[in-house]
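Reader: I'm new to this one. Can you walk me through the side chains?

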Amino acid sequence: VVATKTATEHTYVVDGKRLPSVTELLGVEFPFDVEKVSLSMSDGDAVAAKALRDKWTASQERGTEVHAELEAALIGRQEPSGLGVAQLRANLLARGAVVSERVVWTAAYAGTVDLIIARPDGTYEIYDVKTFDSSPHVGTGYAQYKEAKNALQLMAYKAALEAKGLRVRGMYVIPVLRATKELAVNPSSGKLYATNTEAFND
């Protein structure tokens, strides 16, 4: 497998055949027209829309940086910073052997899983790090959109692993705030914002 990462996408070549990435396929199912949305949010003001797009780009770059730092901390390549990261790392290591940045694929697509944990019972867990500008807005349409998109991404990774004969027992999102590098915690429950949270809150 040859995996190439650019500023905007991953590309994969398996046995000489280019496969679309999971992210690429999700972009088809969950289209986001940056120009159209930024103009709509700026009441048609082109200058304001451009400023908004620049802000989104800077935020995305920050997210990529925080994503890499958190992942490095979770697998022990650097000391953890940010609220709750050390405890999360301890929780994950207690669950089994941790592998990061593992490429998985089927005949139809390929993707890179942030973290895979091999459990002592021979099953596997999938973890995907997601960064946010602020705590997710539970109950809003945007939150539901993101949750559906994240769930499909994890399901695609799960299908790829199970196609190789591996049994996946759980799929989880690790949410982290870009500005502070802290885990995104719901203040009312004290638990992480995620579709499934038992692995994080044991």
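Reader: Let's start with charges. What do the side chains of Asp121 and Arg169 meet in?

Author: A salt bridge, at 3.3 Å from N to O. Keep in mind that this is a predicted model.

Reader: Where do Asp121 and Arg169 lie?

Author: Asp121 is in the loop between β5 (110-118) and β6, while Arg169 is in strand β7.

Reader: Is Asp121 buried, exposed or partly exposed?

Author: Partly exposed, at 48% relative accessibility. Arg169 also counts as partly exposed, at 42%.

Reader: Which residues are linked with Asp121 and Arg169 in a network of salt bridges?

Author: Arg95, Arg119 and Glu125.

Reader: How many salt bridges does the count come to?

Author: Nine. One of them joins Asp54 to Lys50, with the closest N and O atoms 2.9 Å apart.

Reader: Where do Asp54 and Lys50 sit in helix α3?

Author: They are four residues apart in α3, which covers residues 46-74. That spacing is about one helical turn.

Reader: Why does a spacing of three or four places matter in an α-helix?

Author: An α-helix has 3.6 residues a turn, so residues at that spacing point the same way.

Reader: What about helix α5? Which residues four apart lie there?

Author: Glu162 and Lys158, about one turn of the helix from each other. Helix α5 takes in residues 141-163. The side chains of Glu162 and Lys158 meet in a salt bridge, 3.0 Å from N to O.

Reader: New topic: rings. How many aromatic pairs does the structure hold?

Author: One. The rings belong to Tyr127 and Tyr172, with centres 5.0 Å apart.

Reader: Why is the pair stacked?

Author: Because the planes of Tyr127 and Tyr172 are at 25 degrees, and planes under 30 degrees apart count as stacked.

Reader: Which strands hold these two?

Author: Tyr127 is in strand β6 (residues 124-132), and Tyr172 is in strand β7 (residues 168-177). They are 45 residues apart in sequence, so the pair ties those parts together.

Reader: Buried or exposed?

Author: Both Tyr127 and Tyr172 are buried.

Reader: What lies over the face of Trp105?

Author: Lys164, at 4.7 Å from the ring centre.

Reader: Last stop, helix α2. What reaches the backbone nitrogen of Glu35 at the start of α2?

Author: A side-chain oxygen of Asp33, which comes to within 3.2 Å of that nitrogen. Helix α2 runs over residues 34-41.

Reader: And just after α2, which residue takes a positive phi?

Author: Asp43, with a phi of about 55 degrees.

Key: Residues are numbered from 1 along each chain as its sequence is written. This is a predicted model: local features need pLDDT of at least 70, side-chain atom pairs count only at pLDDT 80 or more; totals for chains, interfaces and linings use all residues. Side-chain values use heavy atoms; hydrogens and water are left out. Rings of Phe, Tyr and Trp (its six-membered ring) pair if their centres lie within 6.5 Å; planes under 30 degrees apart count as stacked, over 60 as edge-to-face and the rest as tilted. Buried means under 20% relative accessible area, exposed over 50%, partly exposed in between (1.4 Å probe, protein chains only). A charge sits over a ring if NZ of Lys or CZ of Arg is within 6 Å of the ring centre and within 35 degrees of the ring normal. A salt bridge is a side-chain nitrogen of Lys or Arg within 4 Å of a carboxyl oxygen of Asp or Glu. A polar contact is a pair of N or O atoms within 3.5 Å; within protein, one must be able to donate a hydrogen and the other to accept it, and residues adjacent in sequence count only if both atoms are side-chain atoms.
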